[in-house]
Amino acid sequence: MSIVTATQSDGARRVRDWVQLIRQQFQQTPHLCVTAEQASRLWGLETAEIDAVLSAFVDAHLLNRTRGGAYTLRLDPAPHSPTAFGVVARTTWQRCEQRL
């Protein structure tokens, strides 16, 4: 294994570890509401790194991004589904918007 390959493997492993940790934090704390800047400080990641992770979670429909730029766990599997989860998600989103 070359040094370049080892470095790339370590970098990919580091990203996977952070993705897993951040996903778990949002899932364990469903009302967590953070901006990218707050998330960067919370998890000690560079701005570009946290932006990439949070954007990937939004694209994967794990997180919602509020108009104020905060990220919250997406609790409803379908945005137009009138379920109890949808009500909780909207309530979380509204609280988050009020705090910003």
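These entries record what I looked up in a predicted model of one protein.

**Entry 1. Ground rules**

I number residues from 1 along each chain as its sequence is written, and for side-chain values I use heavy atoms, with hydrogens and water left out. As the model is predicted, local features need pLDDT of at least 70 and side-chain atom pairs count only at pLDDT 80 or more, while totals for chains, interfaces and linings use all residues.

**Entry 2. Overall composition**

I began with the secondary structure, taking helices (H or I, at least four residues) and strands (E, at least two) as DSSP runs numbered from the N terminus. The protein has four helices and three strands. Read from the N terminus, their order is α-β-α-α-β-β-α.

I then turned to burial, where buried means under 20% relative accessible area, exposed over 50%, and partly exposed in between, with a 1.4 Å probe and protein chains only. Of the 100 residues in the protein, 29% are buried. The accessible surface, from the Shrake-Rupley method with a 1.4 Å probe and with only the protein chains shown as cover for residues, comes to about 6,600 Å². Carbon and sulfur atoms hold 55% of that surface.

For contacts I used heavy atoms within 4.5 Å. Among the contacts with a separation of 6 or more, 54% are between residues 24 or more positions apart.

**Entry 3. The sheet**

I looked up strand pairing next; two strands pair if DSSP finds at least two bridges between them. Strands of a sheet pair through backbone hydrogen bonds, either parallel or antiparallel. Here the three strands form an open sheet in the order β1-β3-β2, with antiparallel pairing. Strands β1 (33-35) and β2 (63-65) are the edges, each pairing on one side only. On average, neighbouring strands are turned by 30 degrees against each other, direction ignored. For such angles, axes are lines fitted to C-alpha atoms, for helices over the stretch in contact, and angles run from 0 to 180 degrees between N-to-C directions.

I went through the pairings in turn. Strands β1 and β3 are joined antiparallel over three bridges, and T35 has A70 of β3 as its bridge partner. Strand β2 pairs with β3 (residues 70-73), also antiparallel, over three bridges; in this pairing N64 is bridged to T72. The two strands β2 and β3 make a hairpin with four residues between them, and G69 in the turn has a positive phi of about 90 degrees.

In a regular strand the side chains alternate between the two faces of the sheet. Along β3, A70 and T72 point one way and Y71 and L73 the other, and all are buried.

**Entry 4. Helices against the sheet**

I noted that α2 lies across β1 and β3 and runs at about 100 degrees to β1. Helix α3 (residues 47-59) packs on the sheet as well, where it touches β2 and β3, and its direction makes about 105 degrees with that of β2.

**Entry 5. The nonpolar core**

I defined a nonpolar core as a set of buried Ala, Val, Leu, Ile, Met, Phe, Trp, Tyr and Cys residues joined through side-chain atoms within 4.5 Å. The largest one has 16 residues, and those with the most contacts inside it are I22, F26, W43, I50, L54 and L63. Helices α1, α2 and α3 and strand β3 each give two or more residues to this core. The largest share, four residues, is from α3. Apart from neighbours within four places in sequence, L54 contacts F26, A36, A39, L63 and Y71.

**Entry 6. The aromatic pair**

I searched the whole structure for aromatic pairs and found one. The ring centres of F26 and W43 are 6.0 Å apart and the planes stand at 45 degrees, so the pair is tilted. The rule is that rings of Phe, Tyr and Trp (its six-membered ring) pair if their centres lie within 6.5 Å, with planes under 30 degrees apart counted as stacked, over 60 as edge-to-face and the rest as tilted. F26 belongs to helix α1 (residues 3-28) and W43 to helix α2 (residues 36-43), 17 residues apart. Both residues are buried.

**Entry 7. Single residues**

I checked H61, in the loop between α3 and β2. H61 has a positive phi of about 65 degrees although it is not a glycine. Most residues other than glycine have a negative phi.

I then looked up H31, in the loop between α1 and β1. H31 counts as partly exposed because its relative accessibility is 42%.
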